[in-house]
Amino acid sequence: YSDSIYKALTFLVISCPCSIAISVPLSYFSGIGKASKSGILVKGSDYLDGFKDIGEVIFDKTGTITTGNFNVSKIKVYDDTEEKVLELFAIGESFSNHPIAKSIINKFEKEIDASKVKEYKEISGKGIEYQIDGKEIKIGNKNFAGSKEIEEDNIGTNLYLNIDGKTVGGITLSDEIKSDAKESITKLNKLGIVTKMFTGDSKEIALEIAKQVGIKKVEYEMLPQDKYTKLEEELKNNNTSKKISFVGDGINDSPVLARADIGISMGGIGSSSAIEASDVVIMTDELSKITDGIRISKKTNRIIKQNLIFAIGVKILVLVLSILGIATMWQAVFADVGTTLITILNTIRILK
């Protein structure tokens, strides 16, 4: 009886799952901590684990691939003065926190009196409209506030001013591509990850930006609902185990960020709704952090597998030795406490 009780107690100590129960969640916590130190906020272990399985990344353009720091490069006047056109633009955009709005306000360089504005509306994906001094004002893209006769300037983003149904002026805004965009997208392509771009900009601008950064698949002139519909289609047609990620920053990107397998938002320039809807937040707005996140995810997953194989392997070995009467309680303690300490030490490597 004493031998049987001793062997049973040895079995009990060996089979205690401390090393597995501690090392696996600790690995995820360490991975999330490492990502946070790198400027990547991951909202859970599922998203960290899913990072390594990303097979397709879809980018928004403004504020994601580009800096979002617009400059008014040209003011076009069709029927009014340049000062009046810019003033009406600034009055309308004073109600918005979009990067385009801020650049127009900065260009105006005067105090804005928006006290007379009535019936202000923001039409998603098109522009804004409001009333002032009994006039109906529209500001937005060519389809919303422009006319067919107007020839667009393809070197930037074009917005038009429409008063009582007549286009009286417009502005062209230029945006810079982020310094690390091309290198980051090249790295993703080398990893075998498909890169795409969804944007509301015109065909010419979208194709030019995509060409400069190395994205071959582009969808342009999209409304926010078009992005959601297209992403839904992509998810339905995805017959692999790979995940589809969307990277964006604006309030209009929120539904798409929430719907993607892994939604990634820009924490610096991004809107609060986009940050809330996303699964991962890049605090520095650097696209290179996506490949960093993938690397951290793969390292975390690799260490979890090492810990599981080591812990389970040692336990099975000591169990067999115990059955044969070779292993004693000392070996059983090593199979429990020893493997736990070793797996914890191995897990700490994630933080390096």
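**Reading the labels in a predicted model**

I312, I316, V320, L324 and I326 make up a nonpolar surface patch with about 470 Å² of accessible area together. This is a predicted model, where local features need pLDDT of at least 70 and side-chain atom pairs count only at pLDDT 80 or more, while totals for chains, interfaces and linings use all residues. Residues are numbered from 1 along each chain as its sequence is written, and side-chain values use heavy atoms, leaving out hydrogens and water.

Q: Why is A332 called buried?
A: Buried means under 20% relative accessible area. A332 has 0%, so A332 counts as buried. A332 is found in helix α13 (residues 329–347).

Q: Why is the pair of F198 and F246 called tilted?
A: Rings pair if their centres lie within 6.5 Å; planes under 30 degrees apart count as stacked, over 60 as edge-to-face and the rest as tilted. F198 and F246 are 6.5 Å centre to centre, with 50 degrees between the planes, hence tilted. F198 lies in strand β9 and F246 in strand β11, so the pair ties together parts that are 48 residues apart in sequence.

Q: How do you know that the charged end of K138 sits over the ring of F144?
A: The rule asks for NZ of Lys within 6 Å of the ring centre and within 35 degrees of the ring normal. The charged end of K138 is 5.1 Å from the centre of the F144 ring and sits over it.

Methods. Patch = residues over 30% accessible without salt bridge, like charges linked within 9 Å, V, L, I, M, F, W, Y side chains within 5 Å. Areas by Shrake-Rupley, 256 points an atom, 1.4 Å probe, with all protein chains shown as cover. Salt bridge = Lys/Arg side-chain N within 4 Å of Asp/Glu carboxyl O. Phe/Tyr/Trp six-rings, centres within 6.5 Å; stacked < 30°, edge-to-face > 60°. Helix = DSSP H or I, 4+ residues; strand = E, 2+ residues; numbered from the N terminus. Buried < 20%, exposed > 50% of the residue type's maximum accessible area, 1.4 Å probe, protein only.
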